[in-house]
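Here is a friendly walk through one protein model, a few strands and rings at a time. Keep the structure open beside the text as you read.

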Amino acid sequence: MSDQKLSATGRKDEGKGASRRLRRAGRIPAIIYGGGAEPQSIQLEQEKTWVASQKDWFYSSIIELDVDGKVENVLLRDMQRHPFKQIIMHLDFQRVNKNEAIRMSVPLHFINGDISPAGKIADVVIMHELTEVAISCLPGDLPLNIEVDLSALEVGDTVHLSKLVLPKGVEIPQLKLGPDHDVAVVVARHGRVEAEETAEGGEAAAEAPKAAEAKGESEGDEK
C-alpha cells in the first residue's frame, strides 16, 4: 500500500458494544460523511492504520480510501485515541469534492535556519511561533506542508503570515480578517534579551499581589 491510501470495509453493526468487539478484533470503527451522500459506517485494520497515523500526510492530505473496492477521496476530520494505549478508538472521514475549496491545517516546514545570518550567531534564538497554518484551496492544490525558507533571517527579524510563500492556488483565510491577524510565524532574537524579558515578566507577576495588598492596607487605614 502506497502513501495516502487506506483500505476499509463496510459494517452494519453499530453502537458501543459493536465498536468494542471491533477493537478487540484489531479493527477501528469509523464513519465517512459529507459529499452529498449518506454517512457510511466502516472499519479499518488497527495495525496498518496506526502506522499510517505516524505520518504527516495522514492529517493534512487527501486520502484515497478504498471501501470494498470503491475508492472515496476523503480528509481525516477527527481521530479518537486511547488515553494510554497505542490504539485508535474511532475515525471520522469527510468526502471531498474536487471542485469545492477545502480548509485544512497543514504543517510548516522550516529550512535553512542554521545557515541564516541569525542562525550563525551563538546567542541568537530562532523561535517558531507557529508549527502549522490553516489554508484554503481546491483539493487538487492541497500541499503536504508550507515551506518556510529562513536563509535570509537576520537578528531582530520577525516573519509574519503574510510573508509566507504559498503554492499556487493556496491562500490563508486568516489574512482576510485584517492586519491584526497577520501574526508572527518566526522570531529571531538574542537569547539574553529573551531571558531578561521573561525574568521581567516574572518579577511583574510577583509584584502584582504585593501591590494589591499594599493598596488594600492603605485603603483600610484611610477608613
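## Strand β4 and its partners

In β5, the residue that bridges to Asp-66 is Val-71. That bridge is one of five that join β4 to strand β5 (residues 70-81), and the two strands run antiparallel. Helices and strands here are DSSP runs numbered from the N terminus, where a helix is H or I over at least four residues and a strand is E over at least two. Two strands count as paired if DSSP finds at least two bridges between them. β4 and β5 make a hairpin with two residues between them, and in the turn Asp-68 has a positive phi of about 55 degrees.

β4 also pairs with strand β1 (residues 5-10), this time in the parallel sense and over four bridges. Here Lys-5 has Glu-64 of β4 as its bridge partner. Strand β4 itself spans residues 63-67 and shows two faces: Ile-63, Leu-65 and Val-67 are on the covered one, while Glu-64 and Asp-66 are on the uncovered one.

## How to read the model

This is a predicted model, in which local features need pLDDT of at least 70 and side-chain atom pairs count only at pLDDT 80 or more, while totals for chains, interfaces and linings use all residues. Residues are numbered from 1 along each chain as its sequence is written, and side-chain values use heavy atoms, with hydrogens and water left out.

## The sheet around β7

Next, find the open sheet of three strands with the order β9-β7-β10 and mixed pairing. Its edge strands are β9 (132-137) and β10 (146-149), each of which pairs on one side only. On average, neighbouring strands of this sheet are turned by 40 degrees against each other, direction ignored. For such angles, axes are lines fitted to C-alpha atoms (for helices, over the stretch in contact), and angles run from 0 to 180 degrees between N-to-C directions.

Strand β7 (residues 102-111) is joined to β9 by six bridges, and these strands run antiparallel. Along this pairing, Pro-107 stands opposite Glu-132 of β9, and Arg-103 stands opposite Ser-136 of β9. With β10, β7 pairs in the parallel sense over four bridges. Leu-108 has Ile-146 in β10 as its bridge partner.

## The sheet around β12

Another open sheet has three strands in the order β8-β12-β11, with antiparallel pairing. Here the edge strands are β8 (124-128) and β11 (158-160), and each pairs on one side only. From one strand to the next, the twist averages 5 degrees.

Three bridges link β11 to strand β12 (residues 184-190), and the two run antiparallel. To see one place where they meet, look at Val-159, whose bridge partner in β12 is Val-186.

How many aromatic pairs does a search of the whole structure find? There are two. A pair of aromatic rings is described by the distance of the centres and the angle of the planes. Rings of Phe, Tyr and Trp (its six-membered ring) pair if their centres lie within 6.5 Å; planes under 30 degrees apart count as stacked, over 60 as edge-to-face and the rest as tilted.

Trp-57 and Phe-58 form an edge-to-face pair, with 6.1 Å from centre to centre and 65 degrees between the planes. Phe-58 and Tyr-59 have ring centres 5.2 Å apart and planes at 80 degrees, so this pair is edge-to-face.

Trp-57, at 7%, counts as buried, Phe-58 is buried at 0%, and Tyr-59, at 31%, counts as partly exposed.

## Thr-49 in helix α2

Thr-49 is found in helix α2 (residues 46-52) and is buried, with a relative accessible area of 2%. A polar atom of the Thr-49 side chain lies 2.5 Å from the backbone oxygen of Glu-45.

Which residues does Thr-49 touch, not counting those up to four places away in sequence? They are Ile-28, Leu-44, Phe-58, Ile-88 and Leu-91, where contact means heavy atoms within 4.5 Å.

Methods:
Buried means under 20% relative accessible area, exposed over 50%, partly exposed in between (1.4 Å probe, protein chains only). A polar contact is a pair of N or O atoms within 3.5 Å; within protein, one must be able to donate a hydrogen and the other to accept it, and residues adjacent in sequence count only if both atoms are side-chain atoms.
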